[in-house]
Amino acid sequence: MRYSSVVNLQQSMKALTFGLTLVRHGETQYNKEGLLQGQLIDAPLSESGLQQAEAAGCYLKHVLFSNVFVSDMLRARQTAETIMKHNTSCLGLQAVWDPLLKEKSFGTAEGGRVQDLREMAKAAGQTFLDFTPPEGETQEQVKERVKEFVEKMLQKIGAEHWQDRGVEETSPPVPAETSPVEGTADDGVRGVPVHALVVTHGALMCVALRFFVDELHCSVPPGSSKEHVFSLSPNTGLCRFIITVRKEEHTFKLSGIHCVFVHRGDHVQQ
């Protein structure tokens with residue numbers, strides 16, 4: 001019994017820290033024309049979207065990734081495949097196509113104008129992202145998908161990397177450096193060997209960031225307002241976080257998360 005207590009104490013002192021980079025897919029023709037896609041319209045990237053994905057891939061080409069998770073929708077898969085082909089650390093990786101990362105369903109509004117939905121939301125006294133059109137997903141439903149994905153990701157990364165990367169935590173984790181919208185591609189993850197790339201969608205990213213900040217108590221980068229953090233990321237916009245997990249019995253639990261940057265898009269402007 002005493003030995004078991006010592007083992008449990010030692011395990012509780014160990015932690016695994018890893019990077020998480022969220023990327024919104026590149027532009028589609030629907031994005032260009034201001035039309036809603038949601039889930040039913042599985043459009044490919046436009047020519048501009050392919051160029052954006054190439055730019056994101058070139059920007060991230062020297063950033064080490066250990067895991068890749070991608071929405072199973074075409075526009076996200078094309079973006080992820082383009083990023084991965086530029087990155088040598090991705091050569092031996094198998095991307096996980098996960099339906100939990102699909103875009104929010106906009107129900108009967110899909111295929112219609114984004115501006116029309118904005119006006120419907122305004123008339124209902126709600127924001128665009130909070131408004132639920134007929135037969136669409138509520139914010140709570142999207143958040144539940146985000147929570148389920150995060151839990152799956154933590155367990156997979158913990159199971160794969162804990163043995164080699166879990167380290168003794170003698171003091172609280174030191175936050176990685178934070179940076180503004182423009183910076184270097186490896187901000188926050190230099191020397192961090194475990195790093196997940198997640199390619200998904202704009203509305204889902206908005207819900208994820210709100211969940212991270214409001215419920216997981218994620219820090220906001222210096223100089224960034226919550227309004228900016230919760231706003232829609234540009235096509236191939238990047239958001240990065242540093243996550244710490246600890247092992248409890250046979251499961252991995254989140255013990256800390258902070259944001260390095262949000263909505264970075266300077267790679268598209270280069």
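Let's start with Q29: this residue is partly exposed, with a relative accessible area of 38%. The scale runs like this: buried is under 20% relative accessible area, exposed is over 50%, and partly exposed lies in between, with a 1.4 Å probe and protein chains only.

A word on the source. This is a predicted model, where local features need pLDDT of at least 70, side-chain atom pairs count only at pLDDT 80 or more, and totals for chains, interfaces and linings use all residues. Residues are numbered from 1 along each chain as its sequence is written, and side-chain values use heavy atoms, without hydrogens and water.

Back to Q29. Its place is in helix 2, residues 29-32. Helices here are DSSP runs of H or I with at least four residues, strands are runs of E with at least two, and numbering goes from the N terminus. Leaving aside neighbours within four places in sequence, Q29 is in contact (heavy atoms within 4.5 Å) with P44 and S46.

Now R75. Is R75 buried or exposed? R75 is buried, at a relative accessible area of 1%. It sits in helix 4, residues 74-85. With neighbours within four places left aside, the contacts of R75 include H25, T28, D42, E103 and H201.

Both residues carry an annotation. The unreviewed UniProt entry places a "binding site" at R24, H25, G26, E27, T28, Q29, Y30, N31 and R75. Such annotations may be inferred rather than shown by experiment.

Last, the strands. Strand 6 (238-248) and strand 7 (251-264) pair in the antiparallel sense over 10 bridges; pairing takes at least two DSSP bridges. F241 has C259 in strand 7 as its bridge partner. The two strands form a hairpin with 2 residues between them, and E249 in the turn has a positive phi of about 60°.
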